[in-house]
Every structure is written in C-alpha cells, then in structure tokens.
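Visitor: Before we turn to the particulars, could you show me how to read the helices and the contacts of a model such as this one?

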Amino acid sequence: MSVQFSEEKLTKIGEIIKRYPEGKQKSALLPVLHLAQDEFGGWLDVPVMDYVASLLSIEPIEVYEVASFYSMYNLKPVGKFMFEVCQTGPCMLNGSDDIIDYIKQKLNIKVGETTSDGMFTLKTVECLGACGYAPMMQLGKHYREHLTKEKVDAIIEECRSKAN
Amino acid sequence: MSIKLLLDKANVPGIRGYEVYRREGGYRSVEKALKMQPADIVEEVKKSGLRGRGGAGFPTGMKWSFIAKPEGVPRHLVCNADESEPGTFKDRYLMEFIPHLLIEGMIVSSFALGSNTSYIYIRGEYAWITDILEEAIAEAKQNGWLGKNIQDSGFDCEIYVQRGAGAYICGEETALIESLEGKRGNPRIKPPFPAIQGVWARPTVVNNVETLAAVVPIMNIGAEEYAKIGVGKSTGTKLISACGNINKPGIYEIDMTISVEEFIYSDEYCGGIPNGKRLKACIPGGSSVPILPANLLFTTAKGEKRMMNYESLSDGGFATGTMMGSGGFIVLDEDQCVVRHTYTLARFYRHESCGQCSPCREGTGWMEKILKSIEEGKGKMSDIDLLWDIQRRIEGNTICPLGDAAAWPVAAAIRHFRDEFEWHVNNPELCLTENYGLRHYADELQVPVSA
C-alpha cells in the first residue's frame with residue numbers, strides 16, 4: 001500500500017492548516033490523523049504516521065506520542081466494523097454488561113479481538129456521552145443507542161450485508 | 001412550567017437550519033452586541049451572574065475580565081465541547097439540534113473578547129455533530145454573521161471546529177489547549193492561566209458550550225431579567241441531562257427553583273423510577289461529584305428540602321452534600337450495587353488519567369483493582385480503609401482536577417455506603433448473585449448528620 005493522500009485530501013489538509021497561525025501547523029495533527037486513519041485502512045501504521053509527520057513538518061516522535069495518547073487512534077489493525085461498546089456507570093445501570101457478553105458470544109471473540117474473517121472488532125469504551133440512551137455503542141461515525149440483543153443481531157446483519 | 005431560555009425553540013421543526021432559526025429570532029443578539037462596546041458586553045455578562053456550565057461554576061463575566069490584552073497579540077475564544085463526564089450529554093443535544101445557538105453565542109462572545117479566530121474543540125466521538133456544526137458555520141458565513149466585517153461593524157470573526165480523539169482529560173482547559181496545539185492532552189501547571197497565556201501562548205478564554213449559548217438570552221432579555229431567574233447565585237437556567245434508572249431520560253432545562261424530589265418524580269422531568277422501584281442513590285452533577293443516598297438527596301442535613309441549584313446541592317459540604325457539577329444527573333434504583341457502580345467509575349478515571357502526576361496515575365489504577373476485588377467477593381475489610389487512604393492521597397495532589405474527580409466518587413461511596421462495602425467483604429459468595437439492596441438508604445434521617 002502506498003502511503004499518499006489523494007489530491008482532494010491534500011487540499012483539505014491545506015485548508016485545515018490555514019485555520020491556525022503561521023508556523024503552528026502542528027495544530028492540524030489530530031484532524032490529519034483522523035483523515036489518515038480513515039484513508040489508510042482504519043489504523044495508523046508507522047509509515048502512515050511518518051507520512052503525516054512529513055506533511056506537517058514535524059518529527060515522527062511528535063506523531064507517535066499523540067497517536068498513542070488518544071483512544072480513537074488504532075495502533076493495530078482492526079476489523080472492517082468496530083463495535084465500541086460503552087461500559088461506564090450509566091450504561092452499566094442499563095445493562096451494558098449483558099450487551100457486551102452477548103456480542104462476545106455472538107461473534108465468538110473477546111474484548112479487543114477481531115473475528116477471523118476480519119469483519120468485526122469488539123472494543124469496550126468509557127463514556128461516550130449517550131447516557132440517557134443507554135446501552136449504546138459507536139459504529140463508525142454514528143452512535144447506536146437503546147441497544148437490545150435483537151438490535152445487536154440486526155446491526156450485525158446490517159454490517160454483513162454492507163460488506164457483501 | 002419552568003422558564004426556557006435555551007430550549008424554548010428546540011422543538012420547532014427545522015430549527016437546526018439557518019432559515020428557521022433566523023425566522024424564530026436567531027442572531028438578534030449579534031445585531032445588538034455589535035452596536036455595543038465589547039467591555040459593556042463583559043459587564044452585562046458579569047451582571048447576569050452566569051456561571052460556567054461545564055462543571056466548575058466559575059462566574060463567566062469574571063473569567064472574561066481576566067483576559068490579557070497585550071498590544072499586537074491576537075486573543076482567542078475556545079469553546080469546550082469535549083463533553084465527557086459520565087452522565088453528561090447536554091452539550092451534545094444543544095449542538096445537535098440547535099447548532100446556531102452556539103454559533104450565535106460564540107460570535108457575541110468573540111466580539112466581547114476581541115477574538116477574530118475562535119475554535120470549537122469537540123470530543124472526537126461526536127463525529128456527526130462536527131458536520132452539523134460546520135454546516136451551521138457555513139450558513140452563518142453565507143448570511144454575513146461570520147467572516148470579514150460582520151454586518152458592517154468592522155469586526156472580523158471565523159469559527160473553526162477541531163475534533164479531539166478520545167480523551168476525557170481534554171475537557172480540562174489547559175489539556176484542551178495542549179490538544180488544540182496538536183499535543184498529548186497533558187494539563188499545564190497554572191499560572192500562567194489561559195487568560196494570560198493560552199493557545200500558542202496567546203490570551204485565551206475557554207468556555208463550555210452551554211455557557212456560550214446562555215450569552216444569547218442574556219443579550220436578548222438583558223442581564224437584569226436573566227439574573228431574576230433562579231435563586232441567589234444560581235441565576236438563569238441550567239440544562240440537566242438525566243439518566244440511569246428513570247422513566248424519562250433526556251435533557252431538561254430547569255430554572256433552579258425546583259426541588260430534587262420534584263425533578264425525579266414529576267412527569268415534566270424524569271417521570272419517576274421504572275417498575276415502581278424505590279430510589280437508592282443519585283449522583284446529581286456528573287460522575288465526579290459525590291453520590292448521595294436517597295435520604296440525604298431530598299433533605300439537607302439541616303432538614304431543608306434540597307433544591308436543584310448550586311448552593312442547595314452543595315449544602316452540607318462533602319459530608320452531607322454534593323455538587324451541581326455539569327448537570328449529569330445519574331439515578332440508581334434499589335436494585336443497583338453501589339460498589340459495582342463505583343468500580344465502573346474508578347475504571348473510567350484510571351482509563352482517562354493522562355499519567356502526568358503519580359498520585360493520579362498510580363492511585364486510579366490501585367483504586368480500580370481494589371474495587372474490582374471487593375465487587376468480585378475477593379476483598380478484605382482492610383481494603384475499605386486502604387481505598388479511603390488512597391483517595392485522600394490523590395485529592396489535591398495533582399496538577400489538574402482529574403485527581404479530585406477520581407477521588408471524590410470513591411470517598412463519597414465509602415462515606416455513605418460503607419455497610420454495603422462491608423457486606424461484600426463479609427458475604428464473598430452471596431455478593432456475586434445478590435445485591436445489597438435499598439436497606440436503610442431511603443429512611444428518614446432521625447438526627448442531624450454531621451461530618
């Protein structure tokens with residue numbers, strides 16, 4: 001895989017850099033890492049981080065230390081669909097433990113693992129700000145709320161049909 | 001019916017878009033503000049009594065008045081939309097459904113502070129809300145409310161949205177600033193305060209979403225009218241995000257004159273507890289604030305009815321009171337286990353500690369492990385005192401308030417529910433299949449409680 005953003009993405013990155021004062025292009029690091037993760041397979045491999053460093057004229061270590069700090073950046077490959085299920089207090093009160101157990105059993109994986117077909121990754125996360133609509137998970141850009149076992153089944157089916 | 005200043009138009013169809021928002025009276029506050037002197041707007045906000053809605057409750061006008069104005073150095077307003085405190089999801093609602101209210105409040109505030117480039121730092125997980133905000137900003141710009149020479153006032157202003165990437169700590173203002181600069185979210189030592197040296201060492205004001213939105217009604221109705229709403233130093237309205245074991249979880253705008261009991265049981269608000277269960281405990285201001293058992297929640301130690309405002313919620317200090325915090329209202333019914341709930345919160349804070357200060361980095365992990373073992377029936381009686389000791393050693397010994405935020409829930413759980421912890425230790429097998437239940441936690445207090 002060659003590590004190179006499309007022209008369109010490079011223009012977008014140029015626009016992002018202009019949001020900050022001259023010489024403060026490092027401020028674009030978080031947004032550019034989001035773009036890179038979306039573009040290059042859902043995770044940040046070392047060559048990808050090095051590429052981002054070169055785009056922003058910063059040292060690779062400045063990218064690594066940021067990528068390893070924030071929980072949304074994946075430093076290992078992940079499945080095509082990532083179930084990020086909240087397990088913090090308010091979700092726990094509404095049965096998130098059962099939902100996590102159900103997904104584990106249904107996909108036959110543990111938390112942090114990916115199914116052998118590379119389709120699903122299960123991750124537990126801490127409070128995503130959907131406490132009133134618990135239990136919930138993040139799937140890609142959106143939240144799936146008021147989860148039940150039936151809803152989990154439907155989401156898995158939906159993902160499978162999207163993948164085909 | 002209580003007064004609504006922020007959500008009064010929330011149910012108007014199409015209010016998310018510019019045209020409907022403007023038709024409903026949107027952007028009037030900008031028209032008014034641009035005809036005023038910036039310093040007069042700061043005075044107006046001071047007079048309104050508005051307090052920061054992110055959790056700390058610091059007077060907003062006073063915060064604004066601290067901003068340094070060195071010659072030739074740009075200043076910045078940064079909106080803190082990193083809402084991450086468990087139980088809190090009010091800013092999300094405002095941004096998702098009435099994005100222009102935040103943009104409007106930010107334009108007025110940017111003008112008052114002299115910020116020509118302002119930023120909204122939003123938590124990374126609110127990815128779709130980033131799109132909503134960017135669309136609202138584009139609409140505002142098309143209609144001459146942002147950009148160069150806004151409404152012929154000579155004032156230029158741009159607003160940009162910056163997405164975080166999953167770190168609770170970035171809700172702390174100096175960590176947020178670090179993150180905005182493209183770094184790890186490690187809080188800075190204060191002083192210097194952001195008002196003197198904030199983002200890129202420039203004077204910076206960081207305000208919560210709801211705080212900036214509240215500037216709009218303050219400008220529209222005037223500080224005096226705004227200050228008449230509420231009680232004492234709790235002026236205006238407050239958004240409460242209610243969750244846990246209640247019939248109607250969601251966002252409620254309150255005017256801070258209703259009682260906690262009414263808030264939980266009235267159909268206008270939470271609508272009571274599902275399945276006729278009884279209330280066991282409540283964390284009224286986001287996971288960091290002390291949990292209170294039902295009896296102390298409704299009545300202060302002095303025997304007064306506890307109200308939903310800053311002063312009444314904190315009445316009695318931490319011995320018998322709690323805090324308004326961020327307004328993340330978490331209700332636990334009689335079937336919930338306080339040990340388990342506290343364990344999930346300890347796990348949260350361990351996960352979110354930035355690792356900079358050792359009391360927090362080591363202490364949060366230690367508390368999580370001990371709570372887990374008590375919860376799993378593997379705890380010793382001495383563990384309870386050890387937990388107490390650890391939280392004491394974290395509190396006040398860290399650069400930022402995350403240490404305190406991690407210590408308080410553990411302290412309050414032991415303070416008020418010690419017998420539940422002891423029951424876990426004494427019943428290592430039973431506690432795996434049964435909960436301690438309600439017991440005496442809702443009983444009327446017979447004698448005034450003291451520390």
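Visitor: Why is H6(B) said to be largely enclosed by the rest of the structure?

Guide: This is a predicted model, and burial is judged here by counting neighbours, a residue being buried if 20 or more other C-beta atoms lie within 10 Å of its own. In H6(B), 15 of the 15 residues are buried, so the helix is largely enclosed by the rest of the structure.

Visitor: What span does helix H6 of chain B reach, and what follows it?

Guide: An α-helix has 3.6 residues a turn, so residues three or four places apart point the same way. Helix H6 of chain B, residues 99-113, reaches 21 Å from its first C-alpha to its last, which is close to the 21 Å expected at 1.5 Å a residue. After H6(B) comes B:Gly114, with a positive phi near 75 degrees.

Visitor: Which domains are assigned in chain B?

Guide: The assignment gives domain 1 (18-226), domain 2 (234-332) and domain 3 (338-433). In chain B, the centres of domain 1 and domain 2, taken over C-alpha atoms, are separated by 28 Å, and 18 residues of domain 1 are in contact with 19 residues of domain 2. On the domain 1 side of chain B, helix H5 (90-97) and helix H9 (209-221) are the elements that give two or more residues, and by class that side has six nonpolar, seven polar and five charged residues.

Visitor: How many residues of chain A are in contact with chain B?

Guide: There are 35 residues of chain A in contact with 45 residues of chain B. H2(A) gives the most to the chain A side, with five residues, and that side divides into 19 nonpolar, ten polar and six charged residues.

Conventions:
Residues numbered from 1 in each chain as written. Chains lettered and ligands numbered in written order. Predicted model: local features only at pLDDT ≥ 70, side-chain atom pairs only at ≥ 80, totals over all residues. Contact = placed C-beta atoms within 7 Å. Helix = DSSP H or I, 4+ residues; strand = E, 2+ residues; numbered from the N terminus. Nonpolar A, V, L, I, M, F, W, Y, C, P; charged D, E, K, R; others polar. Domains from an automatic or database assignment. Expected span 1.5 Å × (residues − 1). Buried ≥ 20, exposed ≤ 12 C-beta atoms within 10 Å, placed from the backbone.
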